[in-house]
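Work through these exercises with the model open. Each task comes with a worked solution.

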Amino acid sequence: MPPRRISLRSASLLVTLGAALGVGLAPLIAGGIVAPIVADRQSDARTGVPSLAALVSVPTSELRDIVERYSADRAALARRWDAPYSPNRRERFRAFYRAWQERLAAIDFDRLGQEGRIDYVLLTNRIRYELALLDRDERQFAEMASLLPFAVEIAELQEARRFFKTLDPKSTATRLNQILQQVEQARRTAEALRPGGDDARRLRVVAARAAAATDELRQTLGQWYRFYSGYDPLFTWWCSEPNRRLDEALRAFSRLLRERVLGIREGQEGAILADPIGADGIEADLAAEMIAYPIRDLIRIAEREFAWCEAEMRRAARDLGFGDDWKAALEAVKQRHEEPGRQPDLIRDLAREAEEWVEQRQLVTVPPLAKEIWRMEMMSPERQRVSPFFTGGEVITVSFPTDGMSHEEKLMSMRGNNRHFSRATVHHELIPGHHLQGFMTARYNSHRRAFSTPFWTEGWPLYWELLLWDLGFARTPEDRIGMLFWRMHRCARIIFSLRVHMGQMTPQEAIDFLVERVGHERANAEGEVRRSFGGAYPPLYQAAYMLGGLQFRALHRELVQSGRMTNRDFHDAILQGGNMPVEMVRARLTGMPLRRDHTPNWRFAD
């Protein structure tokens with residue numbers, strides 16, 4: 001069992017113990033500021049093994065086991081209640097979350113240490129948000145109800161199997177035929193739709209959502225059928241034909257929605273559709289992320305940062321002899337790309353440069369094992385259509401043309417992944433960005449993965465882009481343009497993602513915005529917007545890059561530029577604290593007093 005939170009008196013004893021052991025154990029608390037654990041600073045350079053003595057009696061949260069129990073139970077319930085669009089599933093999770101709220105309310109908050117209080121605030125905040133998401137899911141399902149009259153019936157088949165109910169093959173065949181009739185009813189409803197008029201956009205959004213839901217329900221039905229088929233001869237005899245017809249009807253219905261309402265032929269990508277959550281949805285998400293700004297202020301912050309980037313772009317353009325025509329300078333930078341086959345060598349060299357840069361300046365601890373284990377893979381042409389730039393972590397996936405791409409696609413990919421753009425992204429994806437981030441959070445306070453937020457996940461590497469700029473990492477005007485391009489890109493993400501979810505901008509207008517204001521290649525802009533609204537990312541994800549980065553930058557000014565912490569202590573402490581809303585990072589590092597009903601109040605961008 002992990003050791004519990006220690007007192008200030010115990011902390012001083014640990015410092016003395018650390019000195020006696022010769023491990024150089026840093027003070028755990030100094031003047032209200034949390035000091036990092038030094039184990040990784042004393043790693044064996046050859047084997048990568050950290051100082052184990054420095055890990056002895058490290059303070060931790062009293063609620064660590066409780067958070068881990070919550071995460072394990074929630075994941076187990078999700079595996080058990082796996083029928084999509086089931087009212088029973090929603091009610092089971094509502095009961096689960098409300099019971100957790102009641103149990104948490106019984107904890108004596110005032111007796112917790114700071115780490116425990118942070119986990120208490122984070123867990124209550126997350127559960128409150130999960131309940132809000134259940135309500136949102138229910139509202140979205142209600143919008144699709146006329147197109148999915150069969151959804152609950154299919155969910156009930158799966159739930160009956162999960163409840164181990166004995167199945168009667170003959171009556172099940174009858175039920176499959178009844179569900180088939182519901183699909184036919186949905187088909188007639190869809191055929192009567194007229195995708196024109198004032199509500200055309202909303203109709204297309206709901207139809208796209210219903211088509212995806214139908215595919216998911218079809219997969220559930222297939223899983224249900226395979227459990228019995230062949231194992232129960234009477235089931236197969238009665239149900240094989242009704243199941244085949246129902247499966248075909250579901251496939252045809254999904255295709256009908258896409259072709260008739262969305263205008264997408266099978267095998268085509270089709271137009272990009274967003275599913276706006278509106279002002280209320282954005283405000284609920286901001287509250288869950290502990291962002292104490294209204295929507296309009298966040299857009300103003302983005303526009304302010306954008307204006308700074310444009311001014312710096314003009315300055316770099318003048319240094320290159322283009323006057324104030326920064327788009328001409330940007331075009332010149334795009335032409336400076338590697339020859340086919342040489343991009344992996346560039347990525348390797350850029351990664352090593354960033355590692356050496358941060359280590360020589362003692363900006364952050366980089367464990368030897370973290371430098372050893374990262375790997376590189378090449379991105380497929382299909383994936384590049386929605387992710388035209390690098391992705392990273394322990395594996396950096398390199399976006400660059402293949403021989404099977406068209407001539408235009410090759411040129412666009414090379415221009416969008418040129419040397420100077422790449423120099424600004426490799427450290428974002430590897431060290432000190434995503435890879436170092438993932439390495440450390442897997443080893444310190446890993447229970448806080450339950451509170452994972454893109455404002456921390458994406459804000460951390462974006463913050464390093466800001467810090468490295470301030471410290472002179474950009475050596476040439478071309479490097480500055482490369483860094484500024486991405487900075488403008490992240491400002492644009494705040495603006496277009498919030499406005500699209502407010503219903504104030506269409507995906508096509510977002511593409512045009514990226515091309516005209518940021519200087520994106522059009523195909524890359526389309527991939528970016530498709531990625532943003534394709535359903536794989538939550539609504540605030542794209543805004544989280546720059547806003548999270550600004551939060552970390554404000555915290556750096558408060559603690560490092562004021563002289564209260566060194567760069568390395570500051571960055572190590574953040575990585576060791578775990579993934580959480582950045583307001584709670586601030587509470588952890590500064591020892592800020594917390595209440596059980598904590599309300600976000602940090603004005604980090606004022």
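**Exercise 1. Find how Arg-419 and Glu-338 are linked, and where each one sits.**

Step 1. The two side chains meet in a salt bridge, 2.5 Å from N to O. A salt bridge here is a side-chain nitrogen of Lys or Arg within 4 Å of a carboxyl oxygen of Asp or Glu.

Step 2. Arg-419 belongs to helix α16 (residues 419-423), while Glu-338 is in the loop between α11 (326-334) and α12 (343-360), so the pair ties together parts 81 residues apart in sequence. Helices are DSSP runs of H or I with at least four residues, strands are runs of E with at least two, and both are numbered from the N terminus.

Step 3. Arg-419 is partly exposed, because its relative accessible area is 37%. Glu-338 has 16%, so it is buried. The classes are buried under 20%, exposed over 50% and partly exposed in between (1.4 Å probe, protein chains only).

Before going on, note the ground rules. This is a predicted model, with residues numbered from 1 along each chain as its sequence is written. Local features need pLDDT of at least 70, side-chain atom pairs count only at pLDDT 80 or more, totals for chains, interfaces and linings use all residues, and side-chain values use heavy atoms, without hydrogens and water.

**Exercise 2. Decide whether Asp-119 and Arg-448 are buried or exposed, and trace their contact.**

Step 1. A salt bridge joins them, with the closest N and O atoms 2.8 Å apart.

Step 2. Asp-119 lies in helix α4 (residues 114-144) and Arg-448 in the loop between α18 (434-441) and α19 (454-457), so this bridge ties together parts 329 residues apart in sequence.

Step 3. Asp-119 is buried at 0% relative accessibility. Arg-448 is also buried, at 0%.

**Exercise 3. Which residues form a nonpolar patch on the surface?**

Step 1. They are Val-49, Leu-52 and Leu-55, with about 260 Å² of accessible area together. Areas use the Shrake-Rupley method with a 1.4 Å probe, and only the protein chains shown count as cover for residues. Patch residues have over 30% relative accessible area and no salt bridge; like charges are joined within 9 Å, nonpolar side chains (Val, Leu, Ile, Met, Phe, Trp, Tyr) within 5 Å.

Step 2. Leu-52 is in the loop between β2 (33-34) and α2 (64-80). Leu-52 counts as exposed, at 56% relative accessibility.
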